[in-house]
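Below is a short report on one protein model.

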Amino acid sequence: MYDSTIMWNSFWRSRDRFSLDQLRYLTDQLIKVQVVNEVNKDFVIEALRSIAELMTYGDQHDPSYFEYFMEKQVMGEFVRILKLSKTVSVPLQLLQTVSILVQNLRNEHAICRAISGKLNKNTVSLLVKIRGDEVVSFPLYVEAIRFAFHEENMVRTAVRAVTLNVYHVGDDSVNRYISSVPHKDYFSNLISFFRKQSMDLNKLVSHTLINPGPNSTSTILAAIDEIEDNLYYFSDIVSAGIPDVGRLITDSILTVLVFPLLLPSLRIAIDNDVQSGVVTSLYLLCCILRIIKIKDLANTIAAALSYPSEAFTKCSGGKFNSHISDHGFPSEYLVSNNHNLTKSDIRHSMFNVPHSSSSSGFHPEGVLMQNDCSNSNLSLRDVLLAYVTKGDDIQVLGSLSVLVTLLQTKELDESMLDELGILPQRKQHKKLLLQALVGESSGEEELFSSKSSLTRHSTGSDIDAYHEKIKDRYGISCQSSIVGNSPHVNRFQVIDALVSLFCRSNISAETLWEGGWLLRRLLPYSESEFNSHHLELLKVSYDNCAAALVEEVKGIWTDFLISVLCDEWRKCKRAMESSSPPKEPNCVLLLPHPHYKFSLEDNTPKGSSFAAGERMQELVKVFVLLHQLQLFTLGRALPDQPPIDPTGDLPTNCRAQTSGLDVSGPKAGTEINL
């Protein structure tokens with residue numbers, strides 16, 4: 001039993017009587033009560049009385065009191081105390097406390113939340129006015145949505161609670177009421193409000209990239225939380241299963257946010273003070289696909305990626321200036337910095353196209369030879385691949401995040417994944433096997449063909465339906481630049497872009513790990529898609545990284561090299577074999593400034609042991625990834641530990657030998673070159 005003496009002593013401890021801390025304290029004390037008897041009844045009664053006082057005070061001065069009361073489910077604690085009580089005085093005080101709350105709480109949001117929590121098919125009739133079989137008035141709902149965009153977060157939270165309770169009642173007449181004019185405007189207004197929040201997020205990200213501060217990360221994280229909370233609210237609305245509302249949400253997201261703002265912003269920014277850049281757009285696309293589970297929405301967005309951005313800039317009706325980069329920098333800035341690209345970088349930024357052969361039926365002209373992100377004729381899907389091969393670290397990670405998110409979106413048709421070139425081989429085989437089993441023509445031949453993929457004939461009908469919908473429903477008419485390609489060609493482009501990525505020396509290890517995770521999901525492939533040319537490129541990149549790592553033997557962290565290598569090997573193996581990618585989409589907003597570029601050719605500042613240690617670890621991360629990818633592409637199993645032979649792998653000019661030592665250690669009388 002909880003000691004009542006301790007309770008009374010702590011009860012009268014110095015504390016502001018009408019503070020939120022006092023309410024927290026009293027609630028904690030009630031939670032600790034396990035029995036109510038003659039010993040502690042006076043304390044319990046006083047605590048209940050004080051809570052009633054505090055709630056009345058908070059109702060008039062601070063809404064966070066009621067928020068805390070609901071969060072901690074204090075009313076449930078009242079019920080528990082009632083059941084524990086063995087005296088008459090405690091139930092009497094409980095009755096008085098509840099009466100005080102009911103009579104004195106005047107905050108309309110608190111009252112609405114309390115009432116809406118009891119809504120169901122039986123009780124909703126008490127709150128609506130019905131004429132015939134139709135609801136003609138629903139004051140609780142109408143008054144609640146008036147405060148949907150209130151500046152106070154607590155008020156917005158209360159409105160969400162009320163509306164979600166209404167949507168989940170499951171009454172057909174209520175559903176028709178909320179999806180009729182003018183009440184259906186609430187859903188488009190929600191998306192418009194979200195669009196403004198998205199623009200504010202982009203402003204914040206752009207400012208942070210240019211002028212990072214000590215609180216930049218925490219500020220962006222707070223904005224991310226607000227963005228994702230809104231998306232989860234949309235998802236909860238959709239989960240109520242009201243068909244008309246689901247269509248309203250889908251249409252609003254596409255027409256207010258995705259088509260006029262996010263997709264055009266992948267290369268071009270709107271000519272006003274509030275513009276959404278590439279980084280923010282990539283992140284928001286990932287969030288929409290990941291959180292809002294609507295099949296029609298996901299497939300429409302995926303189909304739209306086969307259009308050039310010019311198609312959406314025309315439909316948006318906005319004014320566009322000359323090319324503005326994703327970070328808000330003018331195009332002249334980018335041009336001046338392109339001189340930093342090495343010949344190797346330029347070579348690896350192109351798609352590497354093998355010679356065509358009659359057996360493959362593959363034509364090089366079907367593949368992008370010049371990946372210029374400013375080319376308005378490129379499809380948005382090709383723009384993503386161009387960012388992978390030529391973009392900075394942030395652009396690469398953002399583009400990979402979109403591809404990975406598409407791959408993991410269960411609502412996306414497999415035919416759409418195949419059209420984008422990211423349908424995993426195992427899913428292709430599964431579908432072709434099913435076609436063969438049910439006797440569909442060509443299924444068996446394709447299953448055992450070197451170019452096993454879903455044919456254009458077998459997938460075209462679903463894809464064409466979405467393109468027709470984009471044209472007829474949303475007024476966007478443009479010839480898709482990748483629809484005519486076979487899935488084999490589109491898949492080759494994705495594989496080639498990923499291999500080119502691993503040949504780049506100015507991309508961080510964490511971003512490369514993201515690309516490695518995606519490549520492993522798309523392999524194994526036939527020779528015509530992942531071929532000897534790709535293997536050779538991976539080997540060259542691996543050899544360059546290995547040579548740089550050997551130089552670390554001469555560095556100041558050489559004693560830790562093998563232990564770091566073993567540790568990063570295990571981490572990389574675990575990341576590559578995980579069902580989820582290594583990075584969350586929001587990481588694209590939290591990366592260092594794009595001017596920072598990791599390079600295997602950079603020299604560590606002399607005397608900086610910390611920088612040298614970071615460089616060594618970064619090298620090791622890239623090395624183990626390339627090593628594991630080589631083993632995987634060759635069909636070999638990954639060992640749990642790296643195959644290390646310390647005595648055999650060290651170069652002949654290692655530090656020990658240049659100092660006059662052999663592998664057995666120093667001998668008496670040996671002169672050592674320090």
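## Serine 401

Beyond the residues within four places in sequence, S401 is in contact with C286, E514 and P585, where contact means heavy atoms within 4.5 Å. S401 belongs to helix α20, residues 393–408; helices (H or I, at least four residues) and strands (E, at least two) are DSSP runs, numbered from the N terminus. With a relative accessible area of 5%, S401 is buried. Buried means under 20% relative accessible area, exposed over 50%, and partly exposed in between, with a 1.4 Å probe and protein chains only.

## Basis of the model

This is a predicted model, in which local features need pLDDT of at least 70 and side-chain atom pairs count only at pLDDT 80 or more, while totals for chains, interfaces and linings use all residues. Residues are numbered from 1 along each chain as its sequence is written, and side-chain values use heavy atoms, with hydrogens and water left out.

The average pLDDT of the protein is 77, and 71% of the residues score at least 70; pLDDT is the predictor's confidence in each residue, from 0 to 100. Residues 317–372 have a pLDDT below 50, and this stretch has 94 contacts in the model beyond near neighbours in sequence. Residues 450–458 also have a pLDDT below 50, with 37 contacts beyond near neighbours in sequence. Where pLDDT is low, the predicted coordinates should not be read in detail.

## Two further buried positions

T280 sits in helix α14, residues 278–291. Its relative accessible area is 0%, so T280 counts as buried. Not counting residues up to four places away in sequence, T280 touches S198, L201, N202, V205 and L589.

M576 is part of helix α28, residues 561–577. M576 is buried, at a relative accessible area of 2%. Its contacts, leaving aside neighbours within four places in sequence, are W513, G516, W517, R520, R521, P582, L625 and Q628. M576 and L519 are 57 residues apart in sequence, and their C-alpha atoms are 9.5 Å apart in space.

## A cis peptide bond

The peptide bond from V181 to P182 is cis, with omega near 0°. P182 is found in the loop between α10 (172–178) and α11.

## The largest cavity

The structure holds 2 cavities of 30 Å³ or more. On a 1 Å grid over the protein atoms alone, a cavity is a set of points where a 1.4 Å probe fits but cannot get out, and lining residues have an atom within 4 Å of a point. Grid points are joined across faces, edges and corners, and a volume is the space filled by probe spheres set on the points. The largest cavity has about 80 Å³ of space.

Its lining has 13 residues, of which A148, R160, L190, N230 and Y233 lie nearest the centre. Two or more lining residues come from each of α9 (153–167), α11 (185–210) and α12 (216–239). Helix α11 gives the most, with 5 residues.

## The protein as a whole

The protein has 31 helices and 2 strands. Of its 674 residues, 51% are buried. Among contacts between residues at least 6 apart in sequence, 76% join residues at least 24 apart.

Definitions and conventions:
1 Å grid on protein atoms, 1.4 Å probe; cavity = no way out; pocket = protein on both sides within 12 Å on 5 of 7 lines; lining within 4 Å.
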